[in-house]
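This report goes through a single protein chain, from its overall layout to selected residues. Terms are given their cut-offs where they come up.

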Amino acid sequence: MNTKKTVELSPQDLALLGEGALGYIREIEVQEAQRLLGGQASVAPNSKLFCLYNADGTPVSISGSREAALGSAFEHELMPMSVH
């Protein structure tokens, strides 16, 4: 007997899941950082950058290391989650 219940989430509901509490970090290209910063900062072409995103995909901060991005998550009271 199967007692598991399946719940379907819309893309909008999924984007709101964990909003304000969860975040994720991923490495980004220099061009993406420049796009996000809107030309406010110059970034060396060979920089290794990590962006902290809110659960809904909104960028929160850009850091020069994964460790700094983790620190930023805690400063913003976000629990960083691993996304595969």
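Contact here means heavy atoms within 4.5 Å. Helices (H or I, at least four residues) and strands (E, at least two) are DSSP runs, numbered from the N terminus. The model is a predicted one, in which local features need pLDDT of at least 70 and side-chain atom pairs count only at pLDDT 80 or more, while totals for chains, interfaces and linings use all residues. Residues are numbered from 1 along each chain as its sequence is written, and side-chain values use heavy atoms, with hydrogens and water left out.

## Overall layout

The protein chain has three helices and four strands, and along the sequence these follow the pattern α-β-α-β-β-α-β. Buried means under 20% relative accessible area, exposed over 50%, and partly exposed in between (1.4 Å probe, protein chains only). On that scale, 23% of the 84 residues of the protein chain count as buried. Among contacts between residues at least 6 apart in sequence, 50% join residues at least 24 apart. Accessible areas come from the Shrake-Rupley method with a 1.4 Å probe; for residues, only the protein chains shown count as cover. The accessible surface of the protein chain comes to about 6300 Å², and 53% of this belongs to carbon and sulfur atoms.

## Helix 3

Helix 3 spans residues 66–75, and A69, S72 and A73 are buried in it. Seen down the axis of helix 3, its buried residues fall within an arc of 105°, so they line one face of the helix. The arc is that of the directions from the helix axis to the C-beta atoms. E67, F74 and E75, on the other side of helix 3, are exposed. The cover over the buried residues of helix 3 includes strand 1, strand 2 (49–54), strand 3 and strand 4 (79–81).

What does A69 touch, not counting residues up to four places away in sequence? A69 touches I25, F50, L52 and S63. A69 counts as buried because its relative accessibility is 0%.

S61, placed in strand 3 (residues 59–63), makes a side-chain to side-chain polar contact with S72 at 2.7 Å. A polar contact is a pair of N or O atoms within 3.5 Å; within protein, one must be able to donate a hydrogen and the other to accept it, and residues adjacent in sequence count only if both atoms are side-chain atoms. Apart from neighbours within four places in sequence, S61 is in contact with F50, C51, L52 and S72.

## Surface and loops

L70, F74, M79 and M81 make a nonpolar surface patch of about 390 Å². Helix 3 and strand 4 are the elements that give two or more residues to the patch. Patches are made of residues with over 30% relative accessible area and no salt bridge: like charges are joined within 9 Å, nonpolar side chains (Val, Leu, Ile, Met, Phe, Trp, Tyr) within 5 Å.

E77 lies in the loop between helix 3 and strand 4. Phi of E77 is near 55°, a positive value in a residue other than glycine. Most residues other than glycine have a negative phi.

A21 is placed in the loop between helix 1 (11–16) and strand 1 (22–28). Leaving aside neighbours within four places in sequence, A21 is in contact with E77, L78 and M79. A21 and N54 are 33 residues apart along the chain, and their C-alpha atoms are separated by 8.1 Å.

## The salt bridge

A salt bridge is a side-chain nitrogen of Lys or Arg within 4 Å of a carboxyl oxygen of Asp or Glu. How many salt bridges does a search of the whole structure find? The search finds one. R35 forms a salt bridge with E32, with the closest N and O atoms 2.8 Å apart. Both residues lie in helix 2 (residues 30–37), three residues apart, about one turn of the helix.

## Accessibility of selected residues

| Residue | Relative accessibility | Class |
|---|---|---|
| S61 | 16% | buried |
| A21 | 39% | partly exposed |
| L70 | 32% | partly exposed |
| E32 | 22% | partly exposed |
| R35 | 55% | exposed |
| E77 | 68% | exposed |
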